[in-house]
Amino acid sequence: MDAFSPIPALVGGALIGLASAVLWLGNGRIAGISGVFGQLLPPARTVLWRLVFLVSLVLGTLAAAWLLPGLGLGVGGPAGAPAELVSAPAGWGVPTPLWLAVAGLLTGFGTKIGNGCTSGHGVCGIARLSTRSFVAVGIFFSVAILTVAATGVV
């Protein structure tokens, strides 16, 4: 949050919305990443579009980072510093790899019991005025705020 710039945020948000709209209008599918990814193993009948969508997310990010380095769209920190994984809070005595593994498992569990993730509920669900998505996003943000308050990790 040290170097927030509204232009890359606006462009990124517009591209996420455009990609979600294209997937919904072109394929009839919600762009919820946990749902798209979760149906790869075991493979669903519709594996091809899921792989294309996920590979396009990664390649699109790489292309933006290489083609538009001055906009801050790429990987890295403020002033072009290399990107780093977040470290576990020092006072907690938990090794960072374990911290990240537990965080990943909790995120996966949350998306399973919440029947979707921030992209599915926050981008697509709210755009469709889904009551369930409004509730889910409210819970996502509340838990995120509490987590940052408890751990001090942003």
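Visitor: Which residues make up the largest nonpolar core?

Guide: In soluble globular proteins, nonpolar side chains tend to be buried together. In this predicted model, the largest nonpolar core has 8 residues in all: Leu23, Ala31, Val36, Leu40, Trp49, Phe53, Leu54 and Cys124.

Visitor: Which helix gives the most to this core?

Guide: That is helix α3, residues 47–67, with 3 residues.

Visitor: How many of the residues count as buried?

Guide: The share is 19% of the 154 residues. As for the surface, the protein exposes about 10,900 Å², and carbon and sulfur atoms supply 73% of that area. Contacts give another reading: of those between residues at least 6 apart in sequence, 36% join residues at least 24 apart.

Visitor: Cys124 belongs to the core. With what is Cys124 in contact, leaving aside its neighbours within four places in sequence?

Guide: Its partners under that condition are Ser20, Ile30, Ala31 and Ser119. Of these, Ala31 is itself listed in the core.

Visitor: Which residues of helix α5 are buried?

Guide: An α-helix has 3.6 residues a turn, so residues three or four places apart point the same way. In α5, residues 118–127, the buried residues are Ser119, Gly120, His121, Cys124 and Gly125.

Visitor: What covers the buried residues of α5?

Guide: The cover includes α1 (6–27), α2 (33–38) and α6.

Visitor: What follows α5?

Guide: Leu129 does, with a positive phi near 60 degrees. Leu129 is a residue other than glycine, and is found in the loop between α5 and α6.

Visitor: Is Leu129 buried or exposed?

Guide: To count as exposed, a residue needs over 50% relative accessible area. Leu129 has 65%, so it is exposed.

Visitor: Where does Asn115 lie, and what is its phi?

Guide: Asn115 lies in the loop between α4 and α5. Its phi is near 55 degrees, again a positive value in a residue other than glycine. Asn115 has 51% relative accessibility and therefore counts as exposed.

Visitor: Now the peptide bonds. What is the omega of the bond from Leu41 to Pro42?

Guide: Omega there is near -5 degrees, and the bond is cis. Pro42 is in the loop between α2 and α3.

Visitor: How should I read the largest pocket, and what is its volume?

Guide: Take the space, then the lining. The space in the largest pocket is about 790 Å³. Its lining has 26 residues, and the closest to the pocket centre are Leu106, Thr107, Val143, Ala144 and Thr147.

Visitor: Which helices each supply at least two residues of that lining?

Guide: They are α4 (96–113) and α6 (131–151). The largest share comes from α6, with 10 residues.

Visitor: What is the lining of the largest pocket by class?

Guide: The lining has 17 nonpolar, 8 polar and 1 charged residues.

Key. Residues are numbered from 1 along each chain as its sequence is written. This is a predicted model: local features need pLDDT of at least 70, side-chain atom pairs count only at pLDDT 80 or more; totals for chains, interfaces and linings use all residues. Side-chain values use heavy atoms; hydrogens and water are left out. Buried means under 20% relative accessible area, exposed over 50%, partly exposed in between (1.4 Å probe, protein chains only). Contact means heavy atoms within 4.5 Å. Accessible areas come from the Shrake-Rupley method with a 1.4 Å probe; for residues, only the protein chains shown count as cover. On a 1 Å grid over the protein atoms alone, a cavity is a set of points where a 1.4 Å probe fits but cannot get out, and a pocket is an open set with protein on both sides within 12 Å along at least five of seven lines; lining residues have an atom within 4 Å of a point. Grid points are joined across faces, edges and corners, and a volume is the space filled by probe spheres set on the points. Helices (H or I, at least four residues) and strands (E, at least two) are DSSP runs, numbered from the N terminus. Ala, Val, Leu, Ile, Met, Phe, Trp, Tyr, Cys and Pro count as nonpolar, Asp, Glu, Lys and Arg as charged, and the others, Gly among them, as polar. A nonpolar core is a set of buried Ala, Val, Leu, Ile, Met, Phe, Trp, Tyr and Cys residues joined through side-chain atoms within 4.5 Å.
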